[in-house]
Amino acid sequence: LNGTAVTSPEANDLEYLTPVTIGNVTFHLDFDTGSADLWVYSDELPTDEQTGHAVYATTDSKLLPGSSWEILYGDGSSAGGDVFADTVVVGGLTATMQAVEAAATLSAEFERDAHSDGLLGLAFSTLNMVKPQKQSTFFDNVKSQLDLPVIATSLKHGAPGTYDFGFIDENKYTGPLTYVDVDSSRGYWTFTADAYAFGDDQISTSLTGIADTGTTLILLPSDTVSRYYANVSGAQDSPLHGGYVFPCDSKLTPFTLVVAGNHSVTVPGELINYAPVGSVSNLCFGGIQAASGLVDINIFGDVFLKSQYVVFDAGSQGGPRLGFANQ
Ligand SMILES: O=C(CN1CCCCC1)Nc1ccc2c(c1)OCO2
């Protein structure tokens with residue numbers, strides 16, 4: 001059995017939410033290949049933090065005795081609580097004994113998010129934050145039901161896309177799929193590009209980072225980022241806006257990763273114009289920004305992933321790998 005779930009962008013493609021049924025309640029979760037915990041807003045939160053969200057009724061649920069979770073994300077946001085076992089359905093696929101992590105505390109970033117009802121982690125289960133015993137991700141729990149141990153993402157700019165589980169949909173991409181090996185030793189979908197390019201200007205330096213559906217932008221080393229915006233007239237690193245901004249009518253340089261020898265994976269300039277900074281200014285915020293935060297890795301987030309049909313292959317032909325094709 002395979003499955004497909006439709007995922008829909010919030011405003012400015014800030015995050016993509018996908019319906020997930022837990023018990024008999026449907027939650028809209030942020031599928032995150034950068035983490036490995038499935039957590040939901042719950043009745044253990046202060047009532048005001050539950051308002052407007054689907055809420056997990058812990059009183060009707062099967063507690064995992066003695067288990068708890070606490071997670072800190074790269075952007076500094078955090079959440080925590082206790083753990084239940086429940087039936088979780090995504091795109092027609094069912095995991096009967098899925099660890100569902102009920103949020104009892106949320107950081108301000110999540111309190112401000114009026115749309116997401118929680119997260120569904122799709123990184124490797126070694127990254128799961130449940131103690132005393134790590135729990136498996138939804139993908140690991142349904143993997144044996146799938147034709148192939150793969151998740152394929154089709155995220156789009158300003159339009160619904162899909163998560164395919166167990167199969168690769170040839171109708172969703174053009175040209176060949178180019179595969180690159182993944183180093184899953186730190187629990188992420190980590191890969192290395194042999195080189196990269198800003199437009200026609202190739203830089204023969206390798207770039208290692210993670211394919212992360214849970215991060216909005218492309219986050220790179222600050223010197224690389226300043227080199228990119230040197231090509232964009234009127235661009236400036238604005239402390240006021242928290243990163244590089246430029247006139248909204250700027251023509252942005254494409255960003256290309258060179259992988260698997262000589263295959264180019266290109267993000268068109270249009271996708272690197274992330275969004276206007278506000279309603280009165282003609283400044284736009286860049287889709288490539290410096291990876292400040294708590295993590296010291298490069299992050300190929302949604303701005304990167306939107307240009308591609310991406311196959312997160314956990315080992316259909318040996319080790320884990322990522323496949324890229326234009327969509
Ligand atoms: O933390 C995340 C992704 N995270 C996914 C779950 C919801 C909250 C955001 N991304 C991220 C990771 C490193 C960063 C960063 C953002 O900003 C600076 O460094």
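Predicted model: local features only at pLDDT ≥ 70, side-chain atom pairs only at ≥ 80, totals over all residues.
Residues are numbered from 1 along each chain as its sequence is written, and side-chain values use heavy atoms, with hydrogens and water left out.

Along the principal axes, the C-alpha atoms of the protein chain fill a box of roughly 60 × 45 × 35 Å. The chain contains six helices and 27 strands, assigned as DSSP runs numbered from the N terminus (helices H or I, at least four residues; strands E, at least two). Of the 327 residues, 55% count as buried, where buried means under 20% relative accessible area, exposed over 50% and partly exposed in between (1.4 Å probe, protein chains only). Among contacts (heavy atoms within 4.5 Å) with a separation of 6 or more, 65% are accounted for by residues 24 or more positions apart.

By the criterion of a pair of cysteine sulfur atoms within 2.5 Å, the count comes to one disulfide. The bond joins Cys-248 to Cys-284 with an S to S distance of 2.1 Å, and the link of Cys-248 and Cys-284 is right-handed, with 100° about the S-S bond. Cys-248 lies in the loop between strand E19 (243-247) and strand E20 (255-259), while Cys-284 lies in strand E23 (residues 283-286), so the pair ties together parts that are 36 residues apart in sequence. The two cysteines are described by separate accessibility values: Cys-248 counts as partly exposed at 27% relative accessibility, whereas Cys-284 is buried, with a relative accessible area of 3%.

Ser-35 is located in the loop between strand E3 (25-32) and strand E4 (38-41) and, at 5% relative accessibility, counts as buried. When neighbours within four places in sequence are left aside, Ser-35 is in contact with Ile-71, Tyr-73, Leu-119, Gly-121, Leu-122, Ala-123 and Leu-127. Ser-67, which is 32 residues from Ser-35 in sequence, is 18 Å from Ser-35 in space, C-alpha to C-alpha.
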